[in-house]
Amino acid sequence: MNTSPATPTALVDRACEPIQRDLRVMGGRAHIVVHGGTEAMAERAVARLAELEGLWSRFRGDSDLTRANLAAGTPTEVHEDTLAIVSRSLVAWRQTEGRFDITMLPALLHAGYTNSVVHGDVAPSLPGRRVGLSALVKVDYDTSTITVPATGAIDLGGIGKGFAADIVAEELIEQGATGALVNLGGDLVALGTPSDDGSWYLGIEDPRDPPHHVATLRLGAGAVATSGTTVRCWTTDDGGTAHHLIDPTTGSPAAHGTATATVVAADGATAESFATAAMMLPPPQAVAMLERVGLAGLVITTAGEVLRTSTLDGFGA
């Protein structure tokens, strides 16, 4: 694939080959590509992702997120990046008319998603907490605090990878890279331009036939995110199946006949939150929602049908 702000510490070699890093972070594989940059930039990007995971992971006992959840009802001082992502999450909740909701964590734990696939950590128990409380989440920039509702808990898994990719890609460009791609488990942000082309070419994996692609997109700059039920799923105690996408209207794993939803947007946070929101609707309604808000995307149904927005044609490779 041709993928704290810092001042560049070395001159950029514009003729060098792209610098790449592969790692595991935020629940999956990550890939960083830096064009027209330095090894030091790539190393800072890796460290930055680790820092953001440490702030936002619900599987870390000392993360900002965990501390705020355990202190629910009381303002908790957090890092500026945590203030920013919680604030952005509340914007996404309003933009998606409540279909994206960070207060689904109690229902997610109840459904059985309690263990980290990366670190093996177990999320803290939160008995008796309610869901659907985004309107009560508070962000106070004056005191650098967030307040989780006293009877609730929040999870940033539905926006964290996109927002982190936004931050790291933007910082790479600020440091002097001519192009940067940050891919976190398939949710990616591409900024600037690759050294060998004026566009980025991004494949969307077909969940019906991996690793083949259902589409290849040509992107000048922007983000692509995919949400689905085919990866983070498990067998329940009663022999059924469950997945990590909780429907805010029911408090249970979403069941609308949608296998995956992919969204193309200007930034990763928007792409990821609307991909999650699309999973909360039947496929035709999900596509109509994306059309209505001016986003491009595609939905694959559990029956294997592929539905596309009319705007997706503009990204054809």
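Predicted model: local features only at pLDDT ≥ 70, side-chain atom pairs only at ≥ 80, totals over all residues.
Biologist: Why is methionine 26 called buried?

Modeller: Its relative accessibility is 14%, and buried means under 20% relative accessible area, exposed over 50% and partly exposed in between (1.4 Å probe, protein chains only), so methionine 26 counts as buried.

Biologist: What is the phi of methionine 26, and how does the phi of glutamate 97 read?

Modeller: Methionine 26 is not a glycine, yet its phi is positive at about 50°; glutamate 97, also not a glycine, has a positive phi of about 55°. Most residues other than glycine have a negative phi, and most peptide bonds are trans. Glutamate 97 lies in the loop between helix 3 and helix 4, and, with a relative accessibility of 60%, it counts as exposed.

Biologist: Which peptide bond is cis?

Modeller: The bond from proline 210 to proline 211 is cis, its omega being near 5°, and proline 211 belongs to the loop between strand 8 (200-205) and strand 9 (213-219).

Biologist: How do you know which residues lysine 161 is in contact with?

Modeller: Contact means heavy atoms within 4.5 Å, and, once neighbours within four places in sequence are set aside, lysine 161 is in contact with Met26, Leu184, Asp187 and Glu272. Lysine 161 is part of helix 5 (residues 160-174), and its relative accessibility of 14% makes it buried.

Biologist: Why are helix 5 and helix 6 called roughly antiparallel?

Modeller: Their axes come within 7 Å and cross at roughly 170°, where axes are lines fitted to C-alpha atoms, for helices over the stretch in contact, and angles run from 0 to 180 degrees between N-to-C directions. Angles under 35 degrees count as roughly parallel, over 145 as roughly antiparallel, 65 to 115 as roughly perpendicular and the rest as oblique, so helix 5 and helix 6 are roughly antiparallel. In this contact, Gly160, Lys161, Gly162, Phe163 and Asp166 of helix 5 meet Gly268, Ala269 and Glu272 of helix 6.

Biologist: How many residues of that contact are nonpolar, polar and charged?

Modeller: There are two nonpolar, three polar and three charged residues; Ala, Val, Leu, Ile, Met, Phe, Trp, Tyr, Cys and Pro count as nonpolar, Asp, Glu, Lys and Arg as charged, and the others, Gly among them, as polar.

Biologist: What makes helix 1 and helix 5 roughly antiparallel?

Modeller: The axes of helix 1 and helix 5 come within 10 Å and cross at roughly 150°, and the helices are therefore roughly antiparallel to each other. The crossing of helix 1 with helix 5 is right-handed, a crossing being left-handed if the near helix is turned anticlockwise from the far one by less than a right angle, and right-handed if clockwise. The residues that make the contact include Leu49, Leu52 and Trp56 of helix 1 and Phe163, Ala164 and Ile167 of helix 5, and the residues of the contact divide into 10 nonpolar, one polar and two charged.

Biologist: Why is the pair of tryptophan 56 and phenylalanine 163 called tilted?

Modeller: The search of the whole structure finds one aromatic pair. In the pair of tryptophan 56 and phenylalanine 163, the distance is 6.0 Å centre to centre and the planes are 50° apart. Rings of Phe, Tyr and Trp (its six-membered ring) pair if their centres lie within 6.5 Å, and planes under 30 degrees apart count as stacked, over 60 as edge-to-face and the rest as tilted, so this pair is tilted. Tryptophan 56 in helix 1 (residues 39-56) and phenylalanine 163 in helix 5 are 107 residues apart, and their pair links distant parts of the chain.

Biologist: How do you know whether these two residues are buried or exposed?

Modeller: Tryptophan 56 has 6% relative accessibility and counts as buried, and phenylalanine 163, with a relative accessible area of 13%, is buried as well.

Definitions and conventions
Residues numbered from 1 in each chain as written. Heavy atoms only, no water. Helix = DSSP H or I, 4+ residues; strand = E, 2+ residues; numbered from the N terminus.
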